[in-house]
Amino acid sequence: MSVAIAVAAVVLGAVGGGVTPRLAYRLAIEAGTVSRSACHCARAPRTGPSRWLGPATRCPVCTARQGPPTWSTIVAGAASFGLLVAGLRDDPALPAFLAVAAIGLPLAAIDLTSLRLPDPLVAAAGLAAVLGLVGATLTIGTPQPLLRALAGALVSIGAYVLLALLPGSRLGFGDVKLGGVLGLLLGWLGWPAVLLGLVLPHVIAGVIALCLLLTGRVGRQAALPLGPALLVGALLAALLCG
Ligand SMILES: [Zn+2]
């Protein structure tokens, strides 16, 4: 892989991250509220930004930021794209991983603010993963990795359904669906990647929850989003096994 391709990937990721905040804002519903028609201040329409893609804007009335900080999604986009291109190099499934990473940016941002993973975005990620892996299969000419990917998705969905059904589980079915999409991608890379993809998110989420508890930032009963940890865990699993 040439340096030019790596630089292009980082720039592409940064651009993708830069247009994420508006999408994240429009699809997010603040936790504890049902309305997406008004800003917090209730004096301005919540869907103020007219376009779906672009940097975060501010409410014209109360100046509250609408969407995640643009710098944060730019950094996340550039880092995830750069790491994936460096880690997966010549894997024909790289476009599938990049597409899901791009859709993962608004998913993570929305889950952080609203504790939900909107179905249309998860479905788009699933569609991108399936199309990308089918394309990669046509490139390599053998169905074996694709079949392992489908098995990885089923195993991941099964594991997350079991976790979600446990008494006291805070795992939502958005997490189950996203876990299935990520299991599909990781299955392409092999069973060690699927296993890591199941374990790492809980390690990451556990460490973050412990830090937040110890620093008094959240209470014992606080609901914390798992989506970002699922995405970061899958990224790490892909880098370790790709
Ligand atoms: Zn406002």
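A residue is called buried when its relative accessible area is under 20%, exposed when over 50%, and partly exposed in between, with a 1.4 Å probe and protein chains only as cover. The model is predicted, so that local features need pLDDT of at least 70 and side-chain atom pairs count only at pLDDT 80 or more, while totals for chains, interfaces and linings use all residues. Residues are numbered from 1 along each chain as its sequence is written, and side-chain values use heavy atoms, with hydrogens and water left out.

The chain contains nine helices and two strands, where helices (H or I, at least four residues) and strands (E, at least two) are DSSP runs numbered from the N terminus. Read from the N terminus, the order of elements is α-α-β-β-α-α-α-α-α-α-α. The radius of gyration is 18 Å, close to the 18 Å that the globule rule gives for 242 residues, so the chain is as compact as a globular protein of that length. This radius is taken over C-alpha atoms, and the rule is 2.2 Å times the number of residues to the power 0.38. Along the principal axes, the C-alpha atoms fill a box of roughly 60 × 45 × 30 Å. Buried residues make up 45% of the 242 in the chain.

Valine 7 lies in helix α1, which covers residues 3-18. Valine 7 counts as partly exposed because its relative accessibility is 48%. Together with Val3, Val11 and Val15, Val7 forms a nonpolar patch on the surface with about 370 Å² of accessible area. Such patches are made of residues with over 30% relative accessible area and no salt bridge; nonpolar side chains (Val, Leu, Ile, Met, Phe, Trp, Tyr) are joined within 5 Å, and like charges within 9 Å. The areas come from the Shrake-Rupley method with a 1.4 Å probe, and for residues only the protein chains shown count as cover.

Glutamine 66 is placed in strand β2, residues 65-66. With 3% relative accessibility, glutamine 66 counts as buried. Glutamine 66 and alanine 9 are 57 residues apart in sequence, and their C-alpha atoms are 27 Å apart in space.

Helix α7 (residues 173-189) has 17 residues and reaches 25 Å from its first C-alpha to its last, close to the 24 Å expected at 1.5 Å a residue. The expected span is 1.5 Å times one less than the number of residues. Of the 17 residues in α7, 15 are buried, and the helix is mostly covered.

Side chains of opposite charge can pair when their charged atoms come close. One salt bridge (a side-chain nitrogen of Lys or Arg within 4 Å of a carboxyl oxygen of Asp or Glu) is found in a search of the whole structure. Lysine 177 forms a salt bridge with aspartate 119, with the closest N and O atoms 2.6 Å apart. The pair links distant parts of the chain, since lysine 177 is in helix α7 and aspartate 119 is in helix α5 (residues 119-140), 58 residues apart. Lysine 177 counts as partly exposed at 37% relative accessibility, and aspartate 119 counts as partly exposed at 43%.

An unreviewed UniProt entry lists residues 101-201 as "domain: Prepilin type IV endopeptidase peptidase"; positions follow the numbering used here, feature names are shortened, and annotations may be inferred rather than shown by experiment. Over residues 101-201 the chain is 85% helix and 0% strand, with end C-alpha atoms 15 Å apart.
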